[in-house]
Each structure stands twice: as structure tokens, then as C-alpha cells.
Amino acid sequence: MRLIVVGAGLSGLAVARTLAASAPAISVHVVEKSRGVGGRVATRRRDGVTFDHGAQFFRPIDAAQESFFRHTLPHDSLIDIAKPVHTFDAANRITVGDSVQNNEPKFVYREGINTLAKLIRPTTMTLSLQTRIQHITATATGYSLYSDHDVLIDSADAIVFTPPAPQTIALLQASTIDEIVKKQLITGLSPATYRPCISLSLLYAGVFDPDYYALLNNDRAHPVSWLAVEHAKHASRVPAGHTLLTAQLAPQASRDVWNDDDASLTATVDGWVRTLTGHQLPAPLWGDRQGWRYAQPDGRADATIMQSYEQSHGLYFAGDAHTGIGRVQLALSHGNAVAERIATHAGAHK
Ligand SMILES: Cc1cc2nc3c(=O)[nH]c(=O)nc-3n(C[C@H](O)[C@H](O)[C@H](O)COP(=O)(O)OP(=O)(O)OC[C@H]3O[C@@H](n4cnc5c(N)ncnc54)[C@H](O)[C@@H]3O)c2cc1C
């Protein structure tokens with residue numbers, strides 16, 4: 001059986017990894033539009049600073065997954081962030097965070113959270129980077145997948161779609177497959193709407209070393225929803241004598257400043273962050289932005305509809321559109337579960 005996975009985020013890589021172990025007869029080709037693997041589990045390097053501009057950390061869902069992170073995967077650079085997450089409100093009042101949650105692991109890697117994607121990725125899968133699937137055509141035996149300008153990328157018996165639901169909907173709309181199936185799948189995906197998020201990382205000369213790792217807005221009435229201190233993950237993340245703060249903006253604030261140029265966005269967010277934290281550092285050396293149009297889901301796709309065409313049509317769906325909550329560990333476990341069903345349907349278990 002030939003399988004194409006659209007997207008090399010954590011859910012797509014989990015599909016490939018699980019199938020490599022449990023159904024090696026299935027050939028897996030992962031096709032990814034960006035330059036590397038990981039999707040929203042993303043790390044950037046600039047001027048000797050390493051910062052995570054998407055997901056910040058991950059938390060195992062159960063003891064088995066914790067053991068997977070701590071023991072099964074290489075774990076030399078795995079970090080459990082020691083400092084706590086505090087909360088803040090619209091009036092910039094900071095209070096100690098939830099002690100139960102703060103006692104749970106907050107995993108990340110010394111070289112960046114994107115290390116997780118590199119560790120999960122199986123060596124046996126075929127990977128095409130910088131290749132965006134634009135449309136799909138049903139054939140007599142399966143599907144052909146095309147990139148922009150109608151370039152045939154590959155053909156397969158089955159497909160796993162992992163992009164955020166709005167992107168999968170656009171892909172289905174552009175595709176030539178059974179119209180009733182297409183309409184049903186789009187209906188099933190529609191509840192999984194996504195909120196946008198601008199992430200802005202600010203580098204300062206000077207040291208700001210609070211007693212928290214991060215601040216979480218708990219009344220959803222502040223333009224900043226999350227603020228993280230990168231060197232609290234590991235000292236090597238930021239050159240000595242410097243501070244890197246990563247601010248994630250709330251959905252409406254993200255929309256409001258989406259088209260601002262870098263200089264004015266940096267000045268605006270620096271003002272919010274300064275008032276919130278009370279730090280006295282000079283103006284930032286730079287601000288590094290990432291606009292996530294589809295940052296995290298606010299709803300969940302209809303599982304009954306989405307699983308209706310798995311065995312009959314070879315159409316599978318994985319990722320956080322199907323967990324309803326944007327979490328690395330859930331995307332991973334959802335990818336594993338979808339892979340188990342593919343292996344069962346293919347009758348390909350060892
Ligand atoms: C700012 C931000 C902060 C977050 N913070 C946390 C956190 O602290 N902890 C946590 O657990 N989770 C967090 N999350 C959520 C977490 O990152 C996601 O839920 C998870 O990574 C989703 O994985 P996925 O595989 O479902 O999707 P993705 O990672 O989005 O993977 C989908 C992949 O498909 C690719 N793709 C899309 N369209 C196409 C196409 N047409 N052709 C080919 N490839 C395509 C994309 O480039 C992408 O690589 C955060 C997310 C964001 C954006």
C-alpha cells in the first residue's frame with residue numbers, strides 16, 4: 001500500500017513513525033510545503049539566540065507518553081522547565097499560577113522545541129519539502145496529488161490530511177474527487193475554526209531574570225495572551241548579558257496589528273511587555289515576528305463524518321483540527337491513533 005501524508009507537523013510525523021514500526025509494508029511519502037519538519041512546533045535562530053516562535057513546551061498526556069519522551073526518544077537535550085508559569089490580568093496584576101499545573105512536566109529541548117520533530121521523524125519515510133499540495137484527483141486505483149502549476153507529485157492508495165482545517169477545506173475544494181464525499185468532508189471539518197496569533201520575540205541588551213518562566217493572561221482581556229522568558233528554558237538559548245522575551249498576542253490584538261510594519265509592531269508590543277513585567281531594559285535590539293493565521297483550533301471536526309471515508313475511500317485526517325485543543329502531545333497521539341487504523345484497514349500489521 002502507498003500512503004501520502006500531507007504535512008510534516010507532529011501529527012503527520014507521528015503517522016509516519018507509527019506505520020514504520022507497525023506496518024513497514026506500507027510505503028509512506030510525507031509532503032510538506034515549508035522548508036523543514038515540525039509545522040507549528042517551530043524554532044528560529046537569529047544572532048546567537050534560539051527561540052520557539054510557535055508551541056512553547058509540551059506535556060505528556062499519560063505515563064506511557066511521558067516514558068516515550070523521557071526514555072524511548074533520545075533525551076540528552078530534553079529539558080523540564082523548572083520555573084513556574086504565573087498569571088496576569090487586564091490590569092497587569094501578576095499572580096502565582098496554578099500549583100498543580102506548575103508541578104507537571106513542561107518539556108522542551110535545549111536546542112529548541114523543533115528538535116522533537118527531528119527525533120520523531122522515522123528514517124524510512126520519503127520526505128518532500130517545499131512542496132505544497134494544491135489539488136488531488138481521484139484515479140481508477142487511488143489518488144494523484146499535484147502541487148501548484150499542476151505538477152504531479154505522487155500517486156497513492158490513501159491520503160492523510162494534517163493541515164489546519166481551513167487549509168484542508170481549501171485543498172478539498174480545489175480537488176476532483178466524488179462530490180458527495182467532498183461536501184460531507186467539508187461539512188465535517190467546518191466546526192474546527194482557528195484563531196490567529198502573532199508571536200513577537202524581542203531581544204534586549206541587559207538581563208531581566210524574573211522568578212517565573214512565563215506569564216499567562218487569565219481574563220482574556222489583555223492584548224498579550226502569553227509572555228515567555230527564553231533563557232529560563234536553558235542559559236544557552238540567549239547570549240550572556242541579553243534577554244529574549246517571546247510575546248504571543250491575543251486573537252483580536254493579532255488581527256488589529258496584523259498589517260503593522262515590523263518597527264511599529266515591535267514598539268507597540270515592547271510597550272505592552274514593559275508595562276506588564278516592569279522591566280527597565282533599554283529599547284529592544286530587534287523584534288522578530290511570526291504571524292500564525294491558523295494558530296490553534298477553537299472547535300473540533302466531526303469525528304463521525306471524518307472517519308466515514310477511511311476504509312472505503314482511503315481518506316484519513318489527523319492533527320489538532322480533530323482534537324479540538326491545540327497541543328503538541330494531542331497532535332502526536334492523534335497521529336498515532338490514525339496510523340493504527342490505517343494499519344488495521346490495510347491488514348498490514350506484522
Ligand atoms: C503560537 C502557538 C503557540 C502554541 N503553544 C503551544 C504550547 O505551548 N503547547 C502545546 O502543546 N501546543 C501549542 N501550540 C499548538 C501546537 O503547536 C499544535 O497543536 C500542533 O503542533 C499541531 O500539529 P499538527 O500536526 O496538527 O499541525 P501542524 O503543525 O500545523 O502541521 C501541519 C503541516 O502541514 C503543512 N501543510 C499545510 N498545508 C499544506 C499543503 N497544502 N501541502 C503540504 N503541506 C501543507 C504545514 O506547513 C504544517 O507543517 C501552539 C501553537 C501556536 C501557533
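The shell around the ligand comprises 17 nonpolar, 16 polar and six charged residues, where Ala, Val, Leu, Ile, Met, Phe, Trp, Tyr, Cys and Pro count as nonpolar, Asp, Glu, Lys and Arg as charged, and the others, Gly among them, as polar. The structure is a predicted model, in which local features need pLDDT of at least 70 and side-chain atom pairs count only at pLDDT 80 or more, while totals for chains, interfaces and linings use all residues. Residues are numbered from 1 along each chain as its sequence is written.

In total, 39 residues surround the ligand, with Gly-7, Gly-9, Gly-39, Pro-163 and Gly-319 the closest; a residue is near a molecule if its C-beta atom, placed from the backbone, lies within 6 Å of it. At least two shell residues come from each of helix H1 (10-22), helix H5 (165-173), strand E14 (194-205), strand E18 (286-297) and H11. Helices (H or I, at least four residues) and strands (E, at least two) are DSSP runs, numbered from the N terminus.

Turning to the domains, the assignment gives domain 1 (2-37 + 121-192 + 299-346) and domain 2 (43-114 + 194-297), with bounds taken from an automatic or database domain assignment. Each of these two domains contributes at least three residues to the shell around the ligand. Their centres, taken over C-alpha atoms, are separated by 30 Å. Contacts (C-beta atoms, placed from the backbone, within 7 Å) link 15 residues of domain 1 with 10 residues of domain 2. On the side of domain 1 that touches domain 2, H5 and H11 are the elements that give two or more residues, and H11 gives the most, with four. By class, this side of domain 1 has seven nonpolar, six polar and two charged residues.

What, then, of the largest nonpolar core? A nonpolar core is a set of buried Ala, Val, Leu, Ile, Met, Phe, Trp, Tyr and Cys residues joined through C-beta atoms within 7 Å; buried residues have 20 or more other C-beta atoms within 10 Å of their own, again placed from the backbone. Among the 92 residues of the largest such core, Ile-159 and Val-160 touch the most other members. Helix H11 (residues 328-346) is its leading contributor, giving eight residues. Both domain 1 and domain 2 give residues to this core, so it lies between them. Leaving aside residues up to four places away in sequence, Ile-159 touches Ile-4, Val-6, Ile-136, Tyr-143, Gly-314, Leu-315 and Tyr-316.

Key. A residue is buried if 20 or more other C-beta atoms lie within 10 Å of its own, exposed if 12 or fewer, and partly exposed in between; C-beta atoms are placed from the backbone. Two residues are in contact if their C-beta atoms, placed from the backbone, lie within 7 Å.
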